[in-house]
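I opened the notebook to go through this structure one topic at a time. My entries follow in the order I looked things up.

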Amino acid sequence: MTNAMELYQMLPKTNCKKCGKTSCMAFAVALMARELTPEDCPPLKEEPKYKESYEKISGLFKPSEGATETGLIVHEDLCFGCGNCVVACPVNVANDPYGVGSGNAPKNAGKLILTIEDGIVKAQNVGECRRFGKNKILCNGCIVTCPVEAIEFV
Amino acid sequence: MEKNYYVCTGCGMLCDDIEVESEKNIVNKVHTACRVGVAHMKEGRESAVFRVDDKPVDEATAISEAAAILKNAKNPLIFGLGTSTNETQKLAIELARKTSATLDDTSSFCLGRVVEALLQNKFKVCTLDDVRNKADVTIFWGADPSDSHPRHLSKHSYFPRGTEKQRGWEEERTAIAIDVRKSHTAKICGNYFFQIPPGGDAEFIDALIAGLSGKLPKTSYNFPPKRILELANILKGAKFGVVFVGLGLVYSLENLEPLIRLMDALNEKANFHLIPMVGHYNMRGFNENLFEETGHVNSVKFEDGTVKHGPEYSIVESLKAKTVDAALIIGSDPLSSLPRSVAKNLLEIPVISLDPCETLTSRRAKVYINTAISGVESGGSATRMDGVKVNFKPVVETTRLSDEAVLKKIMEAL
Ligand code: SF4
Ligand code: SF4
Ligand code: SF4
Ligand code: SF4
């Protein structure tokens with residue numbers, strides 16, 4: 001993933017504030033935090049001379065369209081459906097102790113964050129994720145248990 | 001709410017909690033199975049193929065040609081069956097008896113020795129369910145289940161809560177990997193990965209046994225003694241330990257004596273069980289079925305009501321010595337998996353190939369019958385890597401015959 005500085009280099013750098021931020025750098029930071037999207041910078045989106053940069057930045061943020069409010073991204077090409085993350089996620093365990101918490105098929109699929117569908121992990125109910133909300137903690141259950149680094153938080 | 005679960009026959013885990021959405025005999029969506037299992041379940045194809053000498057024929061012609069080959073052979077080889085049901089395997093044993101055949105499976109160059117030893121009660125064993133419910137220390141030795149049996153760690157051996165393991169893997173389980181390379185499983189094991197040089201297993205076993213009795217563990221490759229002692233200490237403290245034995249370990253040992261010694265030493269200090277990491281979904285079934293009939297797990301030759309056994313009756317040795325004069329290969333592709341020098345002798349004898357997929361062997365076979373995918377398009381029973389019997393029904397229907405049905409027809413035609 002890129003950093004704010006690299007993003008800044010691709011922005012118009014005019015500090016015109018049309019995006020509602022005080023500077024292009026602030027916009028870059030907001031992009032990284034996923035508060036704003038590339039379309040929120042009108043010059044970048046509209047002016048032909050920025051077309052290339054616009055496409056590049058949009059491309060960078062493409063995978064994140066699959067990302068959830070918590071910033072959880074699944075790299076579907078890497079995931080092979082081992083289910084480690086599904087069984088290790090504390091929210092999954094709490095909501096379905098005898099299903100996924102015990103290594104089995106979900107008994108309570110609607111309440112889970114992570115499930116396996118067609119051999120690939122699927123995220124839902126991400127609002128329940130321990131990294132999210134008022135009492136958030138730096139849970140990394142699904143990250144450290146993955147053999148192939150298929151789950152990432154941005 | 002009772003759900004309708006299917007069994008996945010994608011590997012020796014035989015996961016029994018798979019939900020499938022299908023329509024008109026096409027699998028659309030699979031829940032809970034890993035990617036290997038999903039690929040296996042979605043492999044299905046439509047119409048049957050019967051071929052003799054590379055030309056399409058009807059069923060009757062293919063069956064009678066196969067029967068003729070077996071009838072004319074003095075010593076046919078029957079090989080494969082790792083992805084066949086117990087019922088099919090038993091039929092194949094009967095067929096071997098009838099045709100005075102040599103009968104073998106892939107276990108003769110794989111985990112057969114280990115399965116044989118445990119059927120002879122040389123190891124303490126347990127089931128995968130015991131592992132989930134009780135195990136506090138698991139060792140993956142020369143095995144990488146994350147690649148070969150993707151749900152192994154999540155369904156049984158590391159991550160799940162079990163009846164006596166309620167607090168989870170971080171607090172109550174230790175997973176250890178001993179291997180020549182940092183596999184995906186080794187990565188999960190973190191600091192408990194012990195990397196040894198290729199062929200270094202026997203020495204590592206000796207060093208570990210020394211460590212278990214408080215002696216200084218020495219290896220010619222200077223493995224840090226401190227780390228071996230650290231490992232020995234963890235193992236000594238195990239209340240319910242399991243060693244998962246993979247091909248890496250078996251290939252590296254000349255015989256099983258070091259492994260038997262290690263398991264005995266572990267059981268003097270703690271409580272340790274052994275489970276072989278069987279790959280094909282029913283290789284263990286083949287070993288057990290043949291053992292029941294003959295007292296051997298593979299490499300047998302039937303002759304006038306007697307059974308001979310020995311390495312000379314394995315596929316490798318019998319092809320090398322050219323003692324077999326025809327071959328019936330069921331669900332296996334020896335032309336690609338055996339060394340060329342051995343496999344080429346297979347091209348000199350008539351081969352009958354029963355396989356759901358086209359393989360190198362099926363393409364060069366005199367008779368080819370593409371069978372239903374066992375466990376997906378046909379049902380039956382199988383024996384899981386830990387010896388537990390699992391029954392399963394087909395997920396979808398097919399017009400192709402199961403290998404069991406083909407064997408029955410061949411036997412009738414004989
Ligand atoms: S709208 Fe674009 S150019 Fe203007 S300040 Fe924001 S990021 Fe910079
Ligand atoms: S971060 Fe924790 S709570 Fe959130 S999905 Fe991953 S394991 Fe579950
Ligand atoms: S642990 Fe990784 S590979 Fe396994 S299911 Fe989760 S994301 Fe996929
Ligand atoms: S681990 Fe093996 S049996 Fe289980 S779903 Fe995957 S391929 Fe099928």
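**Entry 1: a salt bridge within chain B**

I started with Arg97(B), which forms a salt bridge with Glu293(B); their closest N and O atoms are 2.8 Å apart. Arg97(B) sits in helix H3 (residues 86–98) of chain B and Glu293(B) in helix H14 of chain B, so this pair ties together parts that are 196 residues apart in sequence. I noted that I am working from a predicted model.

Next I checked accessibility for both partners. Arg97(B) is partly exposed, at a relative accessible area of 36%. Glu293(B) also counts as partly exposed, at 46% relative accessibility.

**Entry 2: Glu288(B)**

I stayed with helix H14, residues 283–294 of chain B, and looked up Glu288(B), which has its place there. Is Glu288(B) buried or exposed? I found 13% relative accessibility. Glu288(B) counts as buried because 13% is under the 20% cut-off.

I then listed its contacts, leaving aside neighbours within four places in sequence. Glu288(B) is in contact with Leu119(B), Thr383(B), Gly387(B) and Lys389(B).

**Entry 3: other salt bridges in chain B**

I asked for the total over all chains, and the count comes to 30 salt bridges. One of them joins the side chains of Arg167(B) and Glu171(B), at 2.7 Å from N to O. Glu171(B) counts as exposed, with 56% relative accessibility.

I also came across a network of salt bridges. It links Asp16(B), Asp17(B), Arg151(B) and Lys155(B).

**Entry 4: salt bridges between the chains**

How many salt bridges cross the interface of chain A and chain B? The rule finds 3. I wrote down two pairs.

The side chains of Lys29(B) and Glu117(A) meet in a salt bridge, at 2.9 Å from N to O. This pair crosses between chains: Lys29(B) is in strand E2 (residues 26–31) of chain B, and Glu117(A) is in strand E2 of chain A. The two ends fall into separate accessibility classes. Lys29(B) is partly exposed, with a relative accessible area of 29%, whereas Glu117(A) counts as buried at 17% relative accessibility.

The side chains of Glu149(A) and Lys187(B) form a salt bridge too, at 3.2 Å from N to O.

**Entry 5: the interface as a whole**

I moved on to polar contacts. Between chain A and chain B I count 16 residue pairs in polar contact, with both residues at pLDDT 80 or more.

Together the chains bury about 2200 Å², with 47% of it on carbon and sulfur atoms. Within chain A, Phe80(A), Asp118(A) and Pro147(A) lose the most area to chain B, together 24% of what that side buries.

**Entry 6: two positive phi angles**

Asp118(A) made me look at its backbone. Asp118(A) is not a glycine, yet its phi is positive, about 50 degrees. Asp118(A) lies in the loop between E2 and strand E3 (120–123) of chain A. Asp118(A) is partly exposed, with a relative accessible area of 22%.

In chain B I noted Lys24(B). Lys24(B) has a positive phi of about 50 degrees and is not a glycine either. Its place is in the loop between strand E1 (19–23) and E2 of chain B. Lys24(B) counts as exposed, at 75% relative accessibility.

Which residues surround ligand 2? I listed Cys89(A), Pro90(A), Val91(A), Ile113(A), Cys129(A), Arg130(A), Arg131(A), Cys139(A), Gly141(A), Cys142(A) and Phe153(A). Helix H6 (90–95) and helix H7 (141–144) of chain A are the elements that give two or more residues to this shell. By class, the shell has 8 nonpolar, 1 polar and 2 charged residues.

Around ligand 3 there are 13 residues, of which Cys79(A), Cys82(A), Gly83(A), Cys85(A) and Cys146(A) come nearest. The shell around ligand 3 has 10 nonpolar and 3 polar residues, and no charged residues.

Conventions: Residues are numbered from 1 along each chain as its sequence is written. Chains are lettered from A and ligands numbered from 1 in the order in which they are written. This is a predicted model: local features need pLDDT of at least 70, side-chain atom pairs count only at pLDDT 80 or more; totals for chains, interfaces and linings use all residues. Side-chain values use heavy atoms; hydrogens and water are left out. Buried area is the accessible area (1.4 Å probe) that two parts lose on being put together, summed over both. A salt bridge is a side-chain nitrogen of Lys or Arg within 4 Å of a carboxyl oxygen of Asp or Glu. A polar contact is a pair of N or O atoms within 3.5 Å; within protein, one must be able to donate a hydrogen and the other to accept it, and residues adjacent in sequence count only if both atoms are side-chain atoms. A residue is near a molecule or strand if one of its heavy atoms lies within 4 Å of it. Helices (H or I, at least four residues) and strands (E, at least two) are DSSP runs, numbered from the N terminus. Ala, Val, Leu, Ile, Met, Phe, Trp, Tyr, Cys and Pro count as nonpolar, Asp, Glu, Lys and Arg as charged, and the others, Gly among them, as polar. Buried means under 20% relative accessible area, exposed over 50%, partly exposed in between (1.4 Å probe, protein chains only). Contact means heavy atoms within 4.5 Å.
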